[in-house]
Amino acid sequence: MNTIDLIKEKYQQSQSNNGSSLLTSLEQDAFQTFTTVGIPTVKHEEWKYTRISGVFNKEYAFNPESLPGNVTASDLDPVRLPGHAEANELVFINGLYAPSLSTLRSSSLTVLSLEEATKGEFRDTVLQQLGQSSRYIKDGLNALNTAFAAEGVFIHVKKGKIVEHPVYIYQVSDARSANILAQPRTLIHVSENAQVIFAETYATLGLQESFTNQVTEVVVEQAAVVEYYKIQNDTAVCSQVGTTHIRQVGKSLVNTVTVSLNGAVVRNNLNIAMEAEHSESHFYGLYFLKGDTLVDNHTVVDNVKPHCESNELYKGVIDDNGTAIFNGKIFVQKDAQKTNAFQSNKNILLSDNATVNTKPQLEIFADDVKCSHGCTVGQLDEEAFFYLRSRGISEKAAKSLLVHAFAIDILEHIKPEPIRQYVDQLISERLEFNFE
Amino acid sequence: MLSIRNLHANIDGKEILRGINLDIKAGEVHAIMGPNGSGKSTLSAVIAGREDYEVTEGEIEFMGKNLMDFSPEERAGEGIFLSFQYPIEIPGLTTTNFIKTAVNEIRKYRGQEPMDAVQFLKKMKEKMTLVNIDQSLLSRSLNEGFSGGEKKRNEIFQMAMLEPRLAILDETDSGLDIDAIRIVANGVNKLRTKDNAVLLVTHYQRLLDYIIPDFVHVLYKGRIVKSGTKELAYELEEKGYDFIKAEVEQGA
């Protein structure tokens, strides 16, 4: 069956199964948007360089139909991140949360289905916050995910608690017998004075293809601290479009690092809405592409309130036929005086067929702000290359050292030691050179 | 050790070296002097294997091997070291890591086992004292934010670690004050043995007060136009390069 028809069928099913849900109207509006707007094409300004429509020309099993159960805990062992024995592990199979495969170690952490969360103490939070990302991402894919929002998950971090064990999120597609279309949906609420670290990774089991259409919304309250690390190193036939929408509704601190190493088409939307005075956010990205991988990072920083500070640095190394897109927007709204917002994107092309499209944008409506943006695209420095070789270092090792040196100021922002080492290891493997 | 015969080299179609002949034996120190644009740095770069230059004629033989077939890293493996006039800054790569990689890559080239961490640290300590360089400098990114003197000292430290047969010091004195020159020269002198050789490339005579050459050659318009002992350097210092130019023009 054609994927769009399948989606429609599944939508009808899920609507009749859910009965009277508080999320029904949100889902119905979203589905309406999806049918009107459709899948974005390259005519859409925000999708100019990223052709996603091809992904929908394949046949998929859509998430509810392949429920968790076929995946065992041992299937997950290769997926688990280092340090998992000391982590909370949240496992999603084909987009759906799998409690039986997950491990919660921290009592300050609550995980519920969104449907369930609308029935208790979190009702108002969910109803207010779910779907906020559609204010920034108005395309059909965000709407498509929202049309099935009730199947998603609500994660709550208790007020005043430091979650000592990091939260590892595994997005697993079980593509051993069919192509998988997965739509994970998460709303994360980090309460006042809470601190939490998330690390999310993606894996497809089996040889078939997968497409993950994800939306994660994060609400950060007063004096909370959130770190969010995303590692994308799935197989080369797997695509994903993901939106991470972070609202800093209280004065808070957010750090994110997005590392993209493999995949077919990978699109990351990262929105940071700085809605409280004196908030701070740092977001970093590293993409290191080979083969035909396309990675597209679209970021938005919206400074709504005064005295906020944001730093953004995305760096990329593109080899083979790889394509990278960076589109960074900083908005400074009229009331957001004394904003400090910095943005930079730096790229190195390692092959003649590598491509990068980079577009930094600033829109400032306030008059007392410090903002900067810029981008560079270049090749490995010939002088540096000769310098290393003149010291006896082979071409391959010299290239590895230079690429590694270029990436290191992103890696050093990955604060948890096991995760940083893990990413460093992945990069060394890619460079086929061990630095010891 | 090094034998250069009728070396011609171009960059972007422009001939810079126009028939260089030079012989260096183990244990010797040679100085190449000459006015700006005479081809001094080109000669250093061509010996080290820089690929921007095209060698159109002649040959370079090192320890009995024809160097023309060797890549820069292979030349380093054979024992050639070039101290750069402008050492490169590489943010994100620590000096220690860089040198460790270089030492082990050269060992690999020579079919030796890599040095383990203990051996390596021991050697580092020893050479650090020798060239008077501080540990804190070595844990920083390579040359990043180093002063001119620190960069040159780092070059000499690398030379100490790599123990080359032939060290080419390209304008090592440029941009240094007299104290820095003394420290750098001191390092070079300590590294001299009867088995290695030094080629000093310099515009001024002052470095030669600290590293005493056995031979001085004057390079002008891509040729060695005069050779002599260290007295030639004093003569140049006194009279300037004009007298050489005049001699050459007369001869021509």
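Modeller: A helix here is a DSSP run of H or I with at least four residues, a strand is a run of E with at least two, and both are numbered from the N terminus. Leu166(B) has its place in such a run, strand S9 (residues 166-170) of chain B. The model is predicted, so local features need pLDDT of at least 70 and side-chain atom pairs pLDDT 80 or more, while totals for chains, interfaces and linings use all residues. Residues are numbered from 1 along each chain as its sequence is written, with chains lettered from A and ligands numbered from 1 in the order in which they are written.

Biologist: Why is Leu166(B) called buried?

Modeller: A residue is buried if 20 or more other C-beta atoms, placed from the backbone, lie within 10 Å of its own, exposed if 12 or fewer, and partly exposed in between. Leu166(B) has 24 C-beta neighbours inside 10 Å, so Leu166(B) counts as buried.

Biologist: Which residues does Leu166(B) touch, not counting those up to four places away in sequence?

Modeller: Among them are Met1(B), Leu2(B), Ile24(B) and Ala197(B). To be in contact, two residues must have their C-beta atoms, placed from the backbone, within 7 Å. Pro72(B) lies 94 residues from Leu166(B) along the chain, and their C-alpha atoms are separated by 14 Å.

Biologist: What makes the span of helix H2 (residues 24-37) of chain A agree with expectation?

Modeller: The expected span is 1.5 Å times one less than the number of residues. For the 14 residues of H2(A) that gives 20 Å, and the end C-alpha atoms are 20 Å apart, so the two agree.

Biologist: Which residues of H2(A) are buried, and why are they placed on the same side?

Modeller: Leu26(A), Glu27(A), Ala30(A), Phe31(A) and Phe34(A) are buried. The arc is taken from the directions that run from the helix axis to the C-beta atoms. Theirs is only 130° around the axis, which means they share a side of H2(A). On the other side, Ser25(A), Gln32(A) and Thr36(A) are exposed.

Biologist: What puts the buried residues of helix H4 (residues 117-131) of chain B on the same side?

Modeller: In H4(B) the buried residues are Met124(B), Lys127(B) and Val131(B). They cover an arc of only 80° around the axis, so they sit on the same side of H4(B). They pack against helix H6 (148-162) and helix H7 (178-191) of chain B. The face turned away from this side carries exposed residues, including Val118(B) and Lys122(B).

Biologist: What makes a set of residues a nonpolar core?

Modeller: Its members are buried Ala, Val, Leu, Ile, Met, Phe, Trp, Tyr and Cys residues, joined through C-beta atoms within 7 Å. The largest such core has 193 residues, of which Leu114(A), Val190(A), Ile168(B) and Leu200(B) touch the most other members. H7(A) supplies the largest share, 9 residues.

Biologist: How many residues form the contact between chain A and chain B?

Modeller: 17 residues of chain A are in contact with 22 residues of chain B. On the chain A side, helix H6 (382-389) and helix H7 (395-411) of chain A each give two or more residues, and H7(A) gives the most, with 6.
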